[in-house]
Amino acid sequence: MPTPKPHDLAGHSTVPSHDEQPLPTAGLGPSTASVHAGEARQKPGFSITDPIFAASTYTFRDTQSIVDFIEEEHPREEYGRYGNPGERVVERKLAALEGGEMAVLFASGMGALVGLLMAHLGAGEEIVFFDECYHRSREFCRKHLTRFGVGFREVPTCDYEAMEAAITPRTKFIVSESPTNPHLSVVDIERFADIGRRRGVLTLIDATLCTPYNLRPLEAGVDFVLHSATKYLGGHNDLLAGVVVGSAEKLEPVRNLRGIMGGVNSPHNAYLLERGLKTFALRMERHNANGLAVARFLERHPRVEQVFYPGLESHPFHAVAARTMRGYGGLVTFLLRNADGSPADWRQTAKVIDAVKIPRIGPSLGGVESLIEQPMVMSYWNYSPAERGAFRIPDNMIRLALGIEDSADLISDLGRALDVA
Amino acid sequence: MDFRTRAIHVGQDRDSASGAIVPPIHVASTFVQPDVSMTAEYDYARTASPTRRGFETTLASLDNGVKALAFASGMAATHCVTQLLSPGDRIVTGTDIYGGTWRLFNKLLPQHGISVAAVDTSDLAAVAAAMTPATKLVWIESPGNPLLSITDIAGCAGIAQAGGALLACDATLATPVLTRPLDLGADIVMHSATKYLGGHSDLLGGAIVVRDPALGTRLHWVQNATGAVMGPFESFLCSRGLKTVDLRVRAQSATALALAEWLAAHPRVARVFYPGLPSHPGHALAARQMEGGFGGILSFELAGHCDAARRVVESTRLFQLAVSLGAVESLIELPAVMSHGSYDPAARRAVGIADGLIRLSVGLESFDDLRDDLAAALNSAASLN
């Protein structure tokens, strides 16, 4: 048995020696990559798992070692806001799972979006969104980036001609989610990337709903992939995190600005995220299976007017989804109707929400526990009916964020709730 | 509700005050009382603590028991069970058991006047023959470790009950996903929660589960009196682990079976121990007693020179060289010098643990990746033959 030897822990984390190099993950199965990608084979203290470095600061042996560090002769940790060994591991794992060169972790998904856009956009430049993107993302650009002289436009989701028409010589970024939330519209990722390449603008996909298990935006030529890692990547509804993945060249400025703005994640969260990623492929397989089974059940139910799920042949984006995605995720949206076929009103719809036993009522998605919500109540209560109409959020819409419970339990629970309502 | 749904929801009620979907981690050592009668649900964390109780409640449901107790380690859980015995009492136990259990039974308990008889528990007649009026506890492991022997739990329950003894089953390798010993008549189920229940190689823990409330009360009294309880952070991580235990164990069992079949056909492998193989003497019993899989642990012996085994375990890349088992990462080890090094060498050989025996704990990696890793390691050891 080898005798444990003392480690230069800080140096070890940034400059791995041969034995400490992460396993090459190219060509490995998704579950193998989930368990091993980005991790050193020999970890500090010979631990099988990465230690949690709670330290806020890192000490230097002597003055010369500070000079060596500043002159970049000896990369190592310095202060927690600039990086943490555990954070670097989970960043390497996220980059490997996404097929990207670098990942930068933030305290939340919004923190990641803000960090990315602030690093790359300046006064006089513009950004264009597809209009089904997360409303807080668009709100940040519309209300706050505009104060710094950044122009904001939005065009109808998946209207590629409108996107092209909105691009001006000042446009720096085009942004979309795929699938969108809660309508599950699916962007033709290759077409989207192609617009960016041809028009010389950066492309960003918020891939929170599809995850790298189901969609490979970087391989399609997209510049940046963003995730709310709070959702499927963390997967247990017990942490907040965000991440941007892309090339090192384009992300170094983002990492540097993060060190200044300070929206870093915590060492404990970074560890829980790494732990959650170990079962990522396993969980996604179940989320996909539950999504498809529940969507098919709902589509056949007499009280259901419409189901939004890209795995259903009836979904307007099914063809592009089937071409580009491995599976379709755990988010299912549907509209409730009365026994006579008329759309249910919001109180009637709320009865379904209140009658289910397994999904808990709450925002968010992507965790092992199923969640249910009525978007009109949860996210759009303070909007007028006209505004809700413009957002295509009818009163009878229900959004299910399916977890990894057994499909049969979820279906029988929903069936009972639909009968009660 | 089905098993997996219970694993996520039972005992994990949302926090009523905040609505938090994951219950908070209660780190408090003591709980403020409304009055001196100490009637509050919690008083001092050694006795009970909300986060620990959450894990215990989930586990009790998964094992179809009425009460679970969580400990600082698997050995603390085993030790608690032995504290039900008195000087002069006797334990009948298996020969294919974890090295730490063997050490506790053979090195510590005799100091307290408790004797131990070890028999091959896969042979019910041998178990019955070992029973004496002094036998108060029958301790079995199924599958056994590291030889994966299969013990008839229901058969042992009948023998123990007829002899007035309790039957305890270490179900660490089986997990509640694949076997529920309480349903088969066992009085006590023990788990090293470090393994499949936690599942991520990042905590130490143990648990016992019972179906008789009075026995639960006796064991809880011992636990409270001796104090080796699971901490709040480990309880949280264990509860988090249980949410994926069904997915993990089923995936690991499927990969282990495929690897066992591949190894059995490999020219450099002399013998494979895995209950999922029809050639295993306990296969028919395992197929009845285990539901939906045969677990993620298997052992094998190489043909030829036993130094080759050392070369194999030191050459794999995905299988990492370490003791312990049941986690997302695959592990490889030599029981004779590692997990079962606490046996006396003579006792170890007598129970059939060859010096060249290799034990695998199959993780969540893909079958293709693990097979390629083993194939390369077996080839690298070929020169020693």
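This is a predicted model: local features need pLDDT of at least 70, side-chain atom pairs count only at pLDDT 80 or more; totals for chains, interfaces and linings use all residues.
Figure 1. Chain A is split into domain 1, covering residues 85-276, and domain 2, covering residues 280-420. Their C-alpha centres are separated by 25 Å. Where the two domains of chain A meet, 22 residues of domain 1 are in contact with 29 residues of domain 2. On the domain 1 side of this contact, helix α9 of chain A (residues 211-214) provides the largest share, namely three residues. By residue class, that side of domain 1 of chain A consists of 11 nonpolar, nine polar and two charged residues.

**Figure 2. The contact between chain A and chain B.** In this view, 29 residues from chain A meet 30 residues from chain B. On the side of chain A that touches chain B, at least two residues each are supplied by α2 (30-36), α11 (267-278), α12 (280-300) and α17 (407-420) of chain A. Of the contributions to this side of chain A, that of α2(A) is the most, with four residues. The side of chain A that touches chain B comprises nine nonpolar, 10 polar and 10 charged residues.

**Figure 3. Chain B as a whole.** Chain B contains 14 helices and 12 strands. The C-alpha trace of chain B extends over about 75 × 50 × 35 Å along its principal axes. The radius of gyration of chain B is 21 Å, which agrees with the value near 21 Å that a compact globule of 385 residues would have. Of the 385 residues of chain B, 54% count as buried. When contacts in chain B between residues at least 6 apart in sequence are considered, 73% of them join residues at least 24 apart.

**Figure 4. The two domains of chain B.** Domain 1 of chain B spans residues 3-242, and domain 2 of chain B spans residues 245-384. The C-alpha centres of these two domains of chain B lie 26 Å apart. Their contact draws 33 residues from domain 1 of chain B and 37 residues from domain 2 of chain B. Helices α1 (3-9), α4 (99-108), α7 (175-178) and α9 (232-242) of chain B each give at least two residues to the side of domain 1 that touches domain 2. On that side of domain 1 of chain B, α4(B) gives the most, with four residues. The residues of this side of domain 1 of chain B are 16 nonpolar, 12 polar and five charged.

Figure 5. Strand β5 of chain B (residues 166-170) is mostly covered, with five of its five residues buried. In a regular strand, side chains alternate between the two faces of the sheet. Both faces of β5(B) are covered: one carries the buried residues Leu166(B), Ala168(B) and Asp170(B), and the other carries the buried residues Leu167(B) and Cys169(B).

**Figure 6. The strands paired with β5 of chain B.** Strand β4 of chain B (residues 135-141) runs parallel to β5(B) and is joined to β5(B) by five bridges. Within this pairing, Leu137(B) has Leu166(B) in β5(B) as its bridge partner. Together with helix α6 of chain B (residues 153-162), β4(B) and β5(B) make a right-handed β-α-β unit. Strand β6 of chain B (residues 188-192) also pairs with β5(B) in the parallel sense, over three bridges. Here Ile188(B) in β6(B) stands opposite Ala168(B).

Terms used:
Residues are numbered from 1 along each chain as its sequence is written. Chains are lettered from A and ligands numbered from 1 in the order in which they are written. Domain bounds come from an automatic or database domain assignment. Two residues are in contact if their C-beta atoms, placed from the backbone, lie within 7 Å. Ala, Val, Leu, Ile, Met, Phe, Trp, Tyr, Cys and Pro count as nonpolar, Asp, Glu, Lys and Arg as charged, and the others, Gly among them, as polar. The radius of gyration is taken over C-alpha atoms; the globule rule is 2.2 Å times the number of residues to the power 0.38. A residue is buried if 20 or more other C-beta atoms lie within 10 Å of its own, exposed if 12 or fewer, and partly exposed in between; C-beta atoms are placed from the backbone. Two strands pair if DSSP finds at least two bridges between them. A crossover is right-handed if, with the strands pointing away from the viewer, the path from the first strand over the helix to the second runs clockwise.
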